[in-house]
Structure formats: C-alpha cells, structure tokens
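Biologist: I have the model open. Could we go through its helices together?

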Amino acid sequence: MSINSSQIVRPSRFALASLAVSLVAVLIWSGIEPHDRWTWVLEVLPAVGAIVILAATYSRFPLTWLAYVCIWVHAIILCVGGHYTYAEVPIGEWVKDAFDLARNHYDRLGHLAQGFFPAIVGREILLRTSPLAPGKWLSFLVVAVCLAISALYELIEWWVAAATGDAAESFLGTQGDVWDTQWDMCLALVGAIAALIILSRVHDRALGLRSGKPQNADSPLDSVQ
C-alpha cells in the first residue's frame with residue numbers, strides 16, 4: 001500500500017502550533033521543582049525525544065492529526081508523572097483514597113497509554129512505509145511492536161536501577177508490587193489492542209484510505225492538505 005503525504009488529513013499549522021506550545025508549557029511546568037529531579041529527567045526524556053524527532057521530520061514525513069493528538073496526550077501523561085513521580089500523582093492519590101485502593105494507579109494509566117497511543121503511530125508508519133494494508137497482519141505487528149517497546153522500557157528500568165541503586169526507586173515505581181513489571185507489559189498490550197479496536201476506522205479516514213483523498217470533515221483540528 002502506498003500512502004503519500006498529500007493524501008493524509010493533517011492538522012492546520014495553527015492547531016499543530018497549539019499542540020506544540022501547550023506541550024512545551026506543560027513540560028516547563030513539570031520541570032519546576034519536581035518531586036525528584038533524576039526521576040523527572042528519566043520520565044520526560046521520551047517526550048523530549050518525540051518533540052525533537054517530530055520537528056526534524058515534519059517537512060518530509062508529516063503525520064495525521066490523529067497521530068499528533070496521540071503523541072500530545074501521551075507526552076502530557078509522561079510530564080505529569082515526571083513532575084510528581086508516578087506513585088504520588090494527586091489524581092491517583094484521590095482515586096486511591098476514594099476507592100480504598102492499596103496503591104496509586106497513575107502508573108497503570110501510564111503503561112496503558114504506553115500501548116494505546118504508540119499503536120496508532122506505529123500503525124501509521126507501517127501503513128505508509130511498507131506494503132502492509134489494514135487487516136490482521138498489520139494489527140498483529142502493531143501489537144507486537146507495542147509489546148516489544150513495553151518490554152524494552154522494563155529492561156531500561158532494570159538497567160537504570162542496577163546502575164544507580166536507590167536513586168532509581170521512584171523511576172521504577174513498583175510500590176511494593178512484585179508483579180509490577182508483568183502488570184506494566186500486560187497493560188501496554190491491552191492498550192495497543194484497545195487502540196486498534198477503537199481508533200482504526202478513524203485512523204483510516206485520517207490516512208485517506210476510504211476514498212483515496214483526505215476526509216477533511218473528520219478532523220477536529222481544522223485539517224488542511
């Protein structure tokens with residue numbers, strides 16, 4: 001399947017600039033007196049890397065509006081977790097107290113997002129750079145890639161913990177759960193599957209697959225060709 005950049009539904013420059021400015025604002029906020037500076041660096045590094053890569057590749061490989069929104073939401077989740085550390089995010093504490101839970105589950109949300117949002121980005125890259133078409137093999141490979149990314153992240157957590165000792169405790173965020181690593185990968189798997197079930201049709205329209213041309217009416221971000 002061949003999808004060129006002129007075929008996709010992109011956000012307008014204003015909408016894209018709004019996403020970028022708001023994300024940078026949240027990133028700056030998250031870096032102001034975070035709970036633990038080292039943990040903040042580790043948690044927001046993927047978001048910073050994404051900003052750099054998107055800026056560097058925008059002219060030759062712009063993404064759909066849906067992919068940009070997915071990256072934006074995921075980056076916000078990372079920045080909030082980095083500021084407070086995942087074990088102490090206030091909304092997670094509120095849910096913990098309200099439902100009498102044993103732990104702060106914001107990190108569970110983070111790992112669900114680790115599968116959900118990258119699934120759309122991975123799906124787009126595969127559709128635009130490979131012969132794959134929407135179907136079972138594409139879905140299988142997207143889920144496999146997301147699960148592999150989650151496993152790699154767990155390995156990175158292990159390597160950082162082994163190298164820095166107690167300094168990585170907040171980054172690990174196990175909160176005493178011996179099955180935390182398995183939970184993290186399982187939630188990333190569930191998130192990737194959920195994203196494909198919920199958003200695949202919307203993503204196809206954003207890629208112009210329904211009619212072979214952009215479907216501008218489907219974009220809530222004032223799309224332009």
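Biologist: Which residue follows helix 3, and what is its phi?
Modeller: Thr-85 comes after helix 3, and its phi is positive, near 75°. This is a predicted model, in which local features need pLDDT of at least 70, side-chain atom pairs count only at pLDDT 80 or more, and totals for chains, interfaces and linings use all residues. Residues are numbered from 1 along each chain as its sequence is written, and side-chain values use heavy atoms, with hydrogens and water left out.

Biologist: How far does helix 3 reach?
Modeller: Helix 3 covers residues 65-84, and its 20 residues reach 29 Å from the first C-alpha to the last, close to the 28 Å expected at 1.5 Å a residue.

Biologist: And why is helix 3 described as largely enclosed?
Modeller: Because 15 of its 20 residues are buried, that is, under 20% relative accessible area with a 1.4 Å probe, protein chains only. Of the 225 residues of the protein, 44% count as buried.

Biologist: New topic: how do helix 1 and helix 2 cross?
Modeller: The axes of helix 1 (residues 13-30) and helix 2 (residues 37-57) come within 11 Å and cross at roughly 160°. Helix 1 is therefore roughly antiparallel to helix 2, a term for angles over 145 degrees.

Biologist: Which residues make the contact?
Modeller: Helix 1 contributes Leu-23, Leu-27 and Ser-30, and helix 2 contributes Trp-40, Val-44, Val-48 and Ile-51, where contact means heavy atoms within 4.5 Å.

Biologist: Finally, how many helices and strands does the protein have?
Modeller: There are 8 helices and 0 strands, taken as DSSP runs of H or I with at least four residues and of E with at least two.

Note on methods. Expected span 1.5 Å × (residues − 1). Buried < 20%, exposed > 50% of the residue type's maximum accessible area, 1.4 Å probe, protein only. Axes fitted to C-alpha atoms, helices over the stretch in contact; angles between N-to-C directions. Parallel < 35°, antiparallel > 145°, perpendicular 65-115°, else oblique.
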